[in-house]
Amino acid sequence: MPLQLPRAARPLYAFEHAEHADHARDDAPAAPAIEAAPSALVPAPATLDADRQAKARRYARQRHTLALVSLVLDAALIAILLFSGLSFALRDALAGAPAWEPVAGWLPARIGLYFLVIFAGAFVLGLPLSYESGFVLPHRYGLSTQSRRAWALDLLKGLAISLPFELVAVEFVYWLLAASPDAWWLWTGAAMLFVTVILANLAPILFLPLFYKLTPLPDGDVRRMALALAARAGTRVRGIYAMNMSTKTTAANAMVMGLGNTRRVVLGDTLLDRYTPDEIEVVLAHELGHQVHGDIPKLIAVQTVTTLGGLFVVNLLLHAVVARVTAYHGLADAATMPLVGAALAAFALVTLPLSNGYSRRVERQADVYALETTHKSDAFISAMTRLANQNLAELEPAWFVEFLLYNHPSTARRLALGRRYVESARRTAGDPSAVSIPSGTL
Ligand SMILES: [Zn+2]
């Protein structure tokens, strides 16, 4: 049953594939170069690189093909489990496991073993695809700086974090299915909200440091710029950090993350090293926009509502199937796991365009905020262009690709937003504070 860790961060730029992390290396850059960079070294405004765009389109096509193959394989695996009788056979094979039953209908040992067997099977079968999409492809396109060993280590670390977490979640859900067959989905939704808030709070201090090294930005231009922006916005920045992204990737990014006392703005060293101070200011303003708009709490709320919807659908389906198919021993039978997993995955897939649409809207608002607070549309356009070149982002993906998969507006849309702001500024020349972007027009 695939469980998704909550979105604890809002990146500036979307990576469609997961950027896996790595060992915290001790040789991380102590201070980003931009802090001391003499102005002569500051790069000129970026122009779109046609060769990189051709490469970006090939890269996107190969990534999408791999994602589709992975989806088909997952669906096939679930279908085999559901319709070949394999799920029942596995449950019966585990009948020798301790029949400890703390709550009538809940057999924790059998549920746990069943989950581990399915998890291990899916992990091993999916390994070639994970390797291809997580290691081979980014290397082929010069985006990854990780060794094979470092990549494998990251994979194992991710596994060590997610496996115990998922095992506990599965046991919890099956305990609820046995103890509260009609309201289990509500309790599960409530528990997920609770865990999501805790994890969003802990992610920057507990989980992220396992993969990246975060260094507080020393006192310098960027730090002063961030504090000035935050003061103007009337918001508090609890921390501004540099992250050693360059140990894993050549791509640049920045993000807001954390909740409450761990709230922070994080800038990749791959961005700090290569962008002009004005470009960095626009990026910082975008991230502060997320903070001012309360986007992380908002996204957690949206995710909770969506999850509840999914669980409700699973509840209806589970009751209907278990009532009709006598091979199931009850709702909390381990053999129902592929059914629950399939229903949750199908619901997530169907609602993906909705959640991505909401995310694109939130991102656009942060872009508008960045333009309206800095009035630096040229720097905004240059930063977006530089990001597209550096990260191999397709300027203008097919509309359905953007609709289905993009949780950030495409670079073309973000550039268009910047240009609209330039035009609008020209019309109201002399009074930049009067400039605003009509919303909902892009
Ligand atoms: Zn953003």
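This is a predicted model: local features need pLDDT of at least 70, side-chain atom pairs count only at pLDDT 80 or more; totals for chains, interfaces and linings use all residues.

Colleague: Which residue takes a positive phi in the hairpin of E4 and E5?

Modeller: Residues are numbered from 1 along each chain as its sequence is written. Helices (H or I, at least four residues) and strands (E, at least two) are DSSP runs, numbered from the N terminus. In the hairpin of E4 and E5, with six residues between the strands, the residue is Gly258, whose phi is near 85°.

Colleague: How many bridges join E4 to E5, and how do the strands run?

Modeller: Two strands pair if DSSP finds at least two bridges between them. Strand E4 (residues 254-257) and strand E5 (residues 264-268) are joined by four bridges and run antiparallel. Within this pair, Val256 is opposite Val265 of E5.

Colleague: Are the faces of E4 covered or open?

Modeller: A residue is buried if 20 or more other C-beta atoms lie within 10 Å of its own, exposed if 12 or fewer, and partly exposed in between, with C-beta atoms placed from the backbone. In E4 both faces are covered: Ala254 and Val256 on one side, and Met255 and Met257 on the other, are all buried.

Colleague: Which other strand pairings may be read, and in what direction do they run?

Modeller: E3 (residues 240-243) is joined to E2 (residues 214-216) by three bridges, in antiparallel fashion. Thr215 has Ala242 of E3 as its bridge partner. E3 is also joined to E5, by four bridges, and here the strands run parallel. Ile240 stands opposite Val265 in E5.

Colleague: Turning to helices, at what angle do the axes of H9 and H10 cross?

Modeller: Two packed helices are described by the angle between their axes and the distance between the axes. Axes are lines fitted to C-alpha atoms, for helices over the stretch in contact, and angles run from 0 to 180 degrees between N-to-C directions. For helix H9 (residues 295-324) and helix H10 (residues 337-374), the axes come within 9 Å and cross at roughly 155°. H9 is therefore roughly antiparallel to H10, a label given to angles over 145 degrees, whereas those under 35 count as roughly parallel, 65 to 115 as roughly perpendicular and the rest as oblique.

Colleague: Which residues of H9 and H10 make the contact?

Modeller: Two residues are in contact if their C-beta atoms, placed from the backbone, lie within 7 Å. Among the contributors are Val302, Val313 and Leu317 of H9, and Ala343, Leu344 and Phe347 of H10. The C-alpha atoms of Leu344 and Val313, 31 residues apart along the chain, are separated by 8.3 Å. Leu344 counts as partly exposed because 19 C-beta neighbours lie inside 10 Å.

Colleague: Which residues other than glycine have a positive phi?

Modeller: Two cases may be cited. His375, with a phi of about 55°, is in the loop between H10 and helix H11 (377-391). Leu392, with phi near 55°, is in the loop between H11 and helix H12 (399-405). His375 has 16 C-beta neighbours inside 10 Å and so counts as partly exposed, whereas Leu392 has 22 and so counts as buried.
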